[in-house]
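I opened my notebook today to look around a protein and jot down what I found. Come along and check each entry against the picture.

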Amino acid sequence: MPLIIVSPFARPGYIFHKMAEFSSFAKFIEERFGLATISSRDAQTDDLFGASTFSRQPDLFGHLT
């Protein structure tokens with residue numbers, strides 16, 4: 001299933017080539033905030049970190065500075 005990530009932290013024009021599934025969202029949140037895994041399914045899937053960048057912070061209007 002195609003996925004479009006709309007976020008101020010999404011890499012512009014980036015194409016994510018790893019296999020992802022709905023559990024990838026849970027894995028991303030768990031990895032980002034240091035949480036424990038919910039199930040074995042999200043423990044084994046790829047996270048979505050390749051499509052994100054946290055090196056820059058968004059301003060009030062969501063533009064990266």
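Predicted model: local features only at pLDDT ≥ 70, side-chain atom pairs only at ≥ 80, totals over all residues.

**Entry 1: a polar contact.** I began with the side chains of Ser24 and Thr45, which are joined by a polar contact of 3.2 Å. Where does Ser24 sit? I found Ser24 in helix H1, which covers residues 23–33. Is Ser24 buried or exposed? Its relative accessibility is 1%, and buried means under 20%, so Ser24 counts as buried. I then looked up what Ser24 touches, leaving out residues up to four places away in sequence. My list reads Thr45, Asp46, Asp47 and Leu48.

**Entry 2: the whole chain.** Next I stepped back. I noted two helices and zero strands in the protein. The protein has 65 residues, and 22% of them are buried. I also looked at contacts with a separation of 6 or more, and 45% of these are between residues 24 or more positions apart.

**Entry 3: a salt bridge.** How many salt bridges does a search of the whole structure find? I got one. In this salt bridge the side chains of Arg41 and Glu21 meet, at 2.6 Å from N to O. The pair links distant parts of the chain, with Arg41 in helix H2 (residues 40–44) and Glu21 in the segment before H1, 20 residues apart. I reminded myself that side chains of opposite charge can pair when their charged atoms come close. I checked accessibility too: Arg41 has 48%, so Arg41 counts as partly exposed. Glu21 has a relative accessible area of 30%, so Glu21 is partly exposed as well.

**Entry 4: Arg11.** I turned to Arg11, whose place is in the segment before H1. At 38% relative accessibility, Arg11 counts as partly exposed. Which residues does Arg11 touch, not counting those up to four places away in sequence? I wrote down Gly50, Ala51, Ser52 and Thr53. For Ala51 I also looked up the C-alpha separation from Arg11, which is 5.8 Å, although the two residues are 40 apart along the chain.

**Entry 5: a pocket.** Last, I looked at the second largest pocket, with a volume of about 240 Å³. Its lining includes Leu3, Ile4, Ile5, Phe25, Phe28 and Arg32.

Note on methods. Residues numbered from 1 in each chain as written. Heavy atoms only, no water. 1 Å grid on protein atoms, 1.4 Å probe; cavity = no way out; pocket = protein on both sides within 12 Å on 5 of 7 lines; lining within 4 Å. Points joined across faces, edges and corners; volume = space filled by probe spheres on them. Helix = DSSP H or I, 4+ residues; strand = E, 2+ residues; numbered from the N terminus. Buried < 20%, exposed > 50% of the residue type's maximum accessible area, 1.4 Å probe, protein only. Polar contact = N/O pair within 3.5 Å; in protein donor to acceptor, adjacent residues only side chain to side chain. Contact = heavy atoms within 4.5 Å. Salt bridge = Lys/Arg side-chain N within 4 Å of Asp/Glu carboxyl O.
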